[in-house]
Structure formats: C-alpha cells, structure tokens
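This report goes through the packing, ring pairs, strand pairing and charged contacts of one structure. The sequence and model come first.

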Amino acid sequence: ERYSRTVVIFHIKRDAKRTLSYLVSKRPWGLSDKEAEELLGRDCKRPLRELEEKNSIQSRLIEGERIYLNRINKKADIQMKERRINPRYETDEEDDDGEEDKVGYIKYEEFCRTFRESVNEMDEKCPVSDSRISTLLLMFNTNHSLRTMESWIRFNSRIKEAVNIDWDMDHSTFCRDMGQIDEAYLKRLFHHLVMKLHDKGVITGKFLVVDATHIYAFCNTRKDTEKHGVEGASWGEHHGSFYGYKIHILIDAESELPVAMIFSTGEDHDSPHFIPLLDDHVKNNDLGELEALLADAGYDTGSFRKEVLTKTGGIFLPACNPRKSIILQRMKARVKKLFENHGDKIRSVEDGFRYLGQTFLTMF
C-alpha cells in the first residue's frame with residue numbers, strides 16, 4: 001500500500017490539517033471535499049475551510065464544485081487545467097452522450113501510440129527502435145534530462161507502458177540513440193506526426209499562433225565564448241541575456257501542439273524568420289483552411305498580413321505595435337493635448353470623453 005493513490009500517508013505528527021495542506025498543495029489536480037473524505041475517512045470540510053482562512057490554501061469553483069488548490073496562483077492555475085483535461089475527471093454524462101473526443105485533446109498513451117505508428121509508416125527505416133525513439137520524444141516533450149528519463153521509466157509503470165519499454169534502460173543508451181538519428185529524418189517524422197494527429201482530429205489547423213523562445217546551449221559561459229563557444233550558438237536577448245539558440249515555432253491553438261518550427265542563432269530577432277517558418281508549414285502540412293494566425297506586436301507589419309493571406313487564405317492578427325501604428329500616435333498626441341488644455345477639469349474617464357468631442361470618438 002506504500003505507493004497506493006487511495007491510501008493517505010499521514011504527516012509525521014498524524015495531523016489531519018497538515019495532511020490536507022500537503023495533499024492540496026502537491027496533488028496535480030487539487031482536492032475536493034468528497035475526495036478528501038474518501039482519502040482521510042472523515043468529513044474534512046471544516047479543516048479545509050480553516051486552512052483557506054489562514055491562507056495556507058485557496059479554493060475555486062469548477063463546474064459548481066469547490067476545489068481546494070495551492071495557495072500560489074500560478075500553481076493553482078496548473079492544477080485547474082490538469083483537472084479539466086485529465087480523463088479521470090470526465091463525468092459519466094459526457095460518456096453516455098456518445099460524443100466524440102474533445103477537439104485538441106489526446107491522452108499521453110494515445111499520443112505515444114500514434115507516434116510509433118508514424119515511425120513505422122515512414123518510407124525509410126529508423127536507425128533505433130520505435131520504443132527508444134518514443135523515449136526521446138518524452139524527453140523533448142517534458143524538457144528533462146536523460147538521467148531523469150531513466151528514473152521515470154524505471155519507477156513509473158505508466159510511462160514505461162506508454163513508451164513500450166519492458167526493461168530498464170540507462171541514460172547512456174539514450175545518448176547513443178540520439179547520435180544515430182539524422183536531423184532530416186526527425187523533421188520528416190515530425191511533419192508526418194502532425195498530419196497523423198490532424199487526421200485523428202487532435203490538430204485542427206484553423207487557428208495558429210506564432211512566437212519564438214530561447215534554448216540554452218550546453219556550454220560553460222564563464223569561459224570566453226568566442227574561443228570556447230558552441231557551433232550555431234550566440235549571445236542574445238530574451239527575458240534577459242542568454243547564450244544559445246532560438247526556436248521559432250508555429251502552434252495549433254486548440255491542441256497547443258507545434259505544427260512547424262525552425263531554429264536560429266540566439267542573436268537573431270523573431271520577425272525575419274516568420275516567412276521561412278510560414279513557408280515550411282505550407283510546404284509540409286495540409287491542415288485545410290486557416291481562419292486566423294495570431295502573433296505578438298513584434299510581427300506587426302503590413303507585408304506579413306499580405307503573405308499570410310496569399311499563402312494560407314487566412315487573416316493575420318498581430319498585437320498592435322504602438323511604435324508603428326500611425327493611428328495610435330495620433331490618438332496619443334490628441335490625448336496629450338487634451339490634458340495640456342483641460343487637465344485641471346478632468347477627474348474621470350467620462351470627463352475626458354466629454355472634452356475629446358464627438359468627432360474624435362467617431363474617427364477612432
């Protein structure tokens with residue numbers, strides 16, 4: 001019973017409140033009143049309320065049920081998302097309706113199975129077995145090290161079954177496997193998997209999102225990187241200074257899965273790689289008609305709107321860049337002038353509208 005999910009191992013002081021606080025904070029999907037009663041064998045509503053009053057935990061309503069979550073909002077948001085998408089919390093009513101699976105939703109086991117099918121359907125043979133390449137996919141998906149993957153597979157039966165490995169592997173084996181796989185093969189396999197998930201209805205391709213993020217290079221940056229650097233890596237700025245690469249990625253908004261990606265050195269800006277990324281998507285993926293492509297203000301240019309419309313038929317919706325928008329510049333100048341002339345009379349937003357006049361409001 002040591003690793004049972006239904007038997008609670010109480011805190012060392014055998015205190016129900018401490019146990020509840022630990023469960024609420026550590027469980028990936030939080031804790032409800034009913035679940036707490038099943039785990040502890042007693043009614044836990046009062047101690048849960050007292051913990052919430054002391055700000056040790058917090059609670060939110062999900063579909064009419066009160067769920068107790070981690071007191072840190074960021075962690076609580078992750079718990080709420082896990083509770084919404086985890087199959088163990090699907091109600092019987094949803095199953096009885098006979099509805100198809102949710103758009104953009106796939107279980108991890110089904111994802112690994114689809115990935116292995118894609119490997120076997122490729123025209124060229126993979127240099128390593130499909131179970132080993134599934135393990136590498138797990139590493140890329142979770143952004144953990146090879147040693148962590150070794151521990152997961154050794155001690156987590158669900159992960160071991162999902163990647164279809166029935167024996168213990170060490171991290172050195174994974175490292176050798178990575179060296180045998182060609183980059184071009186991985187790219188072709190990636191696009192084959194995208195189309196496979198599209199056929200299953202997981203990836204729709206109707207709404208896409210583009211952005212870029214940084215990847216650190218495995219390098220000792222305390223040394224002179226000009227002499228002891230890594231090929232392709234450079235110093236760049238992205239939420240601070242970093243040494244490494246950039247990945248420019250196109251995401252299917254509904255499934256939150258990538259459909260196209262290209263890499264660049266760390267010093268490159270995001271926007272110059274947008275058109276090559278879009279061309280890669282159009283060339284390798286056939287996801288049907290695109291309705292909209294969303295981006296941040298760094299991609300706000302008129303030429304990008306024309307390219308997206310021409311190549312995909314969809315509309316491009318970047319966030320407005322205030323440094324480039326003539327309309328926003330005019331509005332800013334008008335509002336500045338408004339406060340210079342009538343600042344002593346403006347005490348609310350309504351006062352500001354009154355002094356702006358109807359012509360301004362009609363124009364903008």
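The largest nonpolar core has 50 residues, and I133, F274 and L293 have the most contacts inside it. A nonpolar core is here a set of buried Ala, Val, Leu, Ile, Met, Phe, Trp, Tyr and Cys residues joined through side-chain atoms within 4.5 Å. Buried means under 20% relative accessible area, exposed means over 50%, and partly exposed is in between, with a 1.4 Å probe and protein chains only. Helix α11 (residues 183-199) gives this core its largest share, six residues. A second, separate core has 13 residues, among them A16, L20, I57 and Y68. In soluble globular proteins, nonpolar side chains tend to be buried together.

The model is predicted: local features need pLDDT of at least 70, side-chain atom pairs count only at pLDDT 80 or more, and totals for chains, interfaces and linings use all residues. Residues are numbered from 1 along each chain as its sequence is written, and side-chain values use heavy atoms, with hydrogens and water left out.

Helices (H or I, at least four residues) and strands (E, at least two) are DSSP runs, numbered from the N terminus. Contact means heavy atoms within 4.5 Å. With neighbours within four places in sequence left aside, I133 is in contact with F115, V119, C126, V128, I181, Y185, L186 and L189.

**Aromatic rings**

How many aromatic pairs does a search of the whole structure find? The search gives five. Rings of Phe, Tyr and Trp (its six-membered ring) pair if their centres lie within 6.5 Å; planes under 30 degrees apart count as stacked, over 60 as edge-to-face and the rest as tilted. The W235 and Y243 rings have centres 5.3 Å apart and planes at 55 degrees, so this pair is tilted. W235 is partly exposed, at 38% relative accessible area, whereas Y243 is buried, at 6%.

F274 and F304 form another tilted pair, because their ring centres are 4.8 Å apart and their planes are at 45 degrees. This pair links distant parts of the chain, with F274 in helix α12 and F304 in helix α13 (residues 302-312), 30 residues apart. Both F274 and F304 are buried. F274 and F304 also belong, with Y299 and F316, to one aromatic cluster.

Strand β6 (residues 241-252) and β7 run antiparallel and are joined by eight bridges. Two strands pair if DSSP finds at least two bridges between them. D252 stands opposite L257 in β7. The two strands, β6 and β7, form a hairpin with four residues between them, and E256 in the turn has a positive phi of about 60 degrees.

D270 lies in the loop between β7 (257-265) and α12 (274-284). Is D270 buried or exposed? D270 counts as buried because its relative accessibility is 18%. Its side chain makes a polar contact with the side chain of K246 at 3.0 Å. A polar contact is a pair of N or O atoms within 3.5 Å; within protein, one must be able to donate a hydrogen and the other to accept it, and residues adjacent in sequence count only if both atoms are side-chain atoms. Apart from neighbours within four places in sequence, D270 is in contact with D211, A212, K246, H248 and Y299.

**Salt bridges**

A search of the whole structure finds 16 salt bridges. A salt bridge is a side-chain nitrogen of Lys or Arg within 4 Å of a carboxyl oxygen of Asp or Glu.

E50 is partly exposed, at 26% relative accessible area, and K17 is partly exposed at 28%.

E35 is buried, with a relative accessible area of 14%, and R27 counts as buried at 16%.

E110 is in helix α6 (residues 108-121) and K200 is in the loop between α11 and β4 (207-216), so this pair ties together parts that are 90 residues apart in sequence. E110 counts as partly exposed at 24% relative accessibility, and K200 as partly exposed at 41%. Elsewhere, salt bridges that share partners join R27, E35 and R83 into one network.
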